[in-house]
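Subject: A structure for you to look at

Hi there,

Here is the structure I promised to pass on. Please open it beside this email and follow along.

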Amino acid sequence: MGFDLGLIIAFALAGTATLSDVLRIPKKLRSWVAVVLIVGLYMANQWLYYPGFDWKTALMEGVTAGLASVGIHSSAKNTIEQVSNSKNKKNNSQSAV
């Protein structure tokens, strides 16, 4: 039986906002939560429903689907912006003391 990859991506993207709010993850880093959810759900789906489970292949397909669905370029750009903003806030707070 198993679930279609599109359905797995939809579930992961729907759960990303809620999980990120609970874990207090900044909005610019939420795409990585979606990638982790997609990979995890895809690997679990392959392990449960398909005989001859190969974890390397499932991992590669999950990462490919996850990065394609969230956008590699925008995820990297948002991560760099978040890290830069965090460093700037840290440096500004230390210099004010």
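Predicted model: local features only at pLDDT ≥ 70, side-chain atom pairs only at ≥ 80, totals over all residues.

Residues are numbered from 1 along each chain as its sequence is written, and side-chain values use heavy atoms, leaving out hydrogens and water.

The structure holds 3 salt bridges (a side-chain nitrogen of Lys or Arg within 4 Å of a carboxyl oxygen of Asp or Glu). In one of them, arginine 30 pairs with aspartate 21, with 2.5 Å between the closest N and O atoms. Arginine 30 is buried, at 18% relative accessible area (buried means under 20%, exposed over 50%, partly exposed in between, with a 1.4 Å probe and protein chains only).

Glutamate 81 forms a salt bridge with lysine 28, also with closest N and O atoms 2.5 Å apart. This pair links distant parts of the chain, 53 residues apart: glutamate 81 is in helix α4 (residues 72-95) and lysine 28 in the loop between α1 and α2 (helices are DSSP runs of H or I, at least four residues, numbered from the N terminus). Glutamate 81 also meets lysine 77 at 3.8 Å, N to O. Shared partners join Lys28, Lys77 and Glu81 into one network.

Leucine 29 sits in the loop between α1 (5-23) and α2. Its C-alpha atom is 5.9 Å from that of threonine 79, 50 residues away along the chain.

Enjoy exploring!

How values were computed: Helix = DSSP H or I, 4+ residues; strand = E, 2+ residues; numbered from the N terminus.
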